[in-house]
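This briefing goes through selected features of a single model, grouped by topic. Please read it alongside the sequence and the coordinates shown below.

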Amino acid sequence: MLQGRWRFSGRALLRVIVVWAVSSLTLLVLAGILPDFQLQSDDGDTITRTAVTASWGAGAFGLLSALVWPLLVRALLLVPALVLGLLVFFLNGSLLLFALWLIPDGRGVANPETAVVVAAVMSAVASATSTAFAVGDDGAYRRRLSRLADRRRRRSGEDGRRGGAPGTLFLQLDGVGHQVLLDAVAHGVMPTVAEWLGGRPTHRLTPWRTDWSSQTGASQLGILHGSNHDLPAFRWYEKDSGRIMVTNRPASAAELQRRAIERTGDGGLLTLDGASRGNLFSGGADQLALVLSMAARRGRANRSRAGYFAYFSDPANAVRTMISFLSEIGREIGQSSLARLRGDRPRVGRGGLYPFIRAFATVVQRDVVVASVIGDLLAGRAAVYADLVAYDEVAHHSGPRSRDATLVLEQLDRSVALIAKVAEHAPRPYRIVLLSDHGQSPGETFECAYGLTLKDLVRAGCGLPVPRKAEGTKSGAEARDAARHAVLGALHRPVDEETGEQQAPGSDPIVLASGNLGLVSFPDMPGRVSRERLDRRHPALLRTLADHPGIGFLLVRTEERGSVVLGRNGTEVAVADLADDSGPLAGMGPGAADAVRRTDTFPHVADIMVNSMYDPATGRVHAFEEQIGSHGGLGGEQSGAFLLSPLELSPPVPDSGELVGAERVHRALRRWLRESDGPQVPLGLAADAADPAAPVDPAVTEDSPRAEGEMNSA
């Protein structure tokens, strides 16, 4: 035992000496290359003196990186993630300038711009040297993370070893549909997953079908908290409060989590010894990193950005991630330029901030979440749920089966392989479950196909002004003509049924898009507006929408028949009589009728729910926002998610039936935790993680979007 400790200490000392020597040599080389960086006095020095100066500077920089850098990162926890990432280079350069200032006799001189470059190269070289030293030592990385996990456990008084009971890791690959996964496995894109499903399979693959709202907010709330009731879309308008709810805004996410906990009486899937990483909702976990619903809470325990500290406190991690971040920006600019030169169709704009958003999702979010999960495994946590959003973000703008998206799948598979390898060295056995929250359906946008947005079409159908570009399109002209003829045919403005007086034109409708699902609300008309009231105020609107070739069907309420679904050519079917294989929902896929019926019961369903067309032959839909790979409604692969679970766990559906809805997925995951003696505690024990009265940070408001990489990912 003592001999082993001496051997370990000797290797550690040798590594420090080698890294120091290589860093000193790097300083000497950079001083000879860069004109604004010197390690000699103005009168010149001997080679020996210059080497000593370089060694002094490299040593001082190394010590400052180890001692001061973690404090700087902790002090900047409240800085937005993207800004913090960009500050890495500035902070590293500042440390180098301070290290040069510490050299005796003022022999180290560099201007600020050069210091940033030198510091980045120094950190990268030190990281590469340490990595090279660890080649052949499979336990090196594990031991390093294990020491960090041990320190965390000692500070918190936790015991990571829980009698050998297996833990469970739920790893969500955001937006990866069931068929996309099968194709990736068949074509060798995801070899790790292929091995799990190969000749001697260790996992079973189960498809599951989402609700009508096929997007991360609805799916993840149902999976983590057991209820996604009254969540009709990614964004919707609530008349009772007068606010627009958006699932990837902190205040909205916190409110949705509060409602789910209130409805179920349970804190969530992760309420005991659980960790939530990169998710919209906490699941009741105590350990959090990049959890949106907790981002608006004050207090150190609820500060979801604390996950950044654990990762960026290592300057080598920071520099490596930021270099990858910049490389990903360059890759996106190159790929989008090639797409334009090739004339790819469909295509959406990928300029502005998008390259930064993509780089955040595919590099920063991935690196932080993977590092957090590895730390959780080595700490022996009972249950971990993490979300990797990279594929969903890229597929929105490049297409779900594009070369860009395929490269991201390869990267995700490597992340899964790394996590699985670390799990082998964890203090307890782990069952790794892969799952997705939805798929994506391809297709050009509604605006690209018809020259106007859904909002333009609604306004034209109401007889309201629209942009000149939209007015000149065939759809816009037809809608305005229909509205004009309907109003002239009525010969007067609509009459209010209660007062008998003519109604004023009313306020503009609120039109919101959630992938290929649109929601139309009339804020000045209380309650859920009936078809009859809509026809009196806007006689041409419903028929204009229902007959448009880019729209599949509408859901509206009537005063006599209850809710109905409207299709083209005057088709009208009561919700109670809907069928999957006939009527307006024909071709929308199995379970479409039940999904519409369920959404129709929600208190905050929109006055008009609009689902785009779907072509079963091509699998294409029309998104009502700027996405060529979309999800949020019915039609195609967007409703087909997957659940990949170890064979040692019971089947997700015991009777081998269909797995439908996020709430049923939650029940399957909860059952697996019970099989592993996992966390199952009532609401009262998780009150701190879900207290609706917890103070909200005024700096994080309803207008604050999720960390940049999630703007279009949910």
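Predicted model: local features only at pLDDT ≥ 70, side-chain atom pairs only at ≥ 80, totals over all residues.

**The H13–H15 contact**

- The crossing that H13 and H15 make is right-handed.
- On the H13 side the contact is formed by Arg358, Arg366, Val370, Val373, Ile374, Leu377 and Leu378, while H15 contributes Asp404, Gln411, Ser415, Leu418, Ile419, Val422 and Ala423.
- Sorted by class, the residues in the contact of H13 with H15 are nine nonpolar, two polar and three charged.

**Glutamine 365 in H13**

- Helix H13 also holds glutamine 365, which has a relative accessibility of 5% and therefore counts as buried, the cut-off for that class being under 20%.
- Leaving aside residues up to four places away in sequence, glutamine 365 touches Gly278, Leu290, Phe360, Asp387, Leu388 and Val389.

**The eight-stranded sheet**

- Eight strands make up an open sheet with mixed pairing, and their order is E8-E7-E9-E3-E10-E21-E4-E22.
- The edges are taken by strand E8 (287–289) and strand E22 (659–660), each of which has a single partner strand, so that one side of each is left without a neighbour in the sheet.
- Strand E3 (residues 167–173) and strand E9 (residues 383–388) run parallel and are joined by six bridges; phenylalanine 170 has tyrosine 385 in E9 as its bridge partner.
- Helix H9 (residues 216–225) packs on this sheet, where H9 touches E3, strand E4 (203–209), E9 and strand E10 (430–435), and the direction of H9 makes about 175° with that of E9.

**Helix H17 and the residue that follows**

- In helix H17 (residues 454–461), seven of the eight residues are buried, so the helix is largely enclosed by the rest of the structure.
- The buried residues of H17 are Leu454, Asp456, Leu457, Val458, Arg459, Ala460 and Gly461, a list that includes the charged residues Asp456 and Arg459.
- Just after H17 comes glycine 463, whose phi is positive, at about 75°.

How values were computed. Residues numbered from 1 in each chain as written. Heavy atoms only, no water. Left-handed = near helix turned anticlockwise from the far one by under 90°. Helix = DSSP H or I, 4+ residues; strand = E, 2+ residues; numbered from the N terminus. Contact = heavy atoms within 4.5 Å. Pairing = 2+ DSSP bridges. Axes fitted to C-alpha atoms, helices over the stretch in contact; angles between N-to-C directions. Buried < 20%, exposed > 50% of the residue type's maximum accessible area, 1.4 Å probe, protein only.
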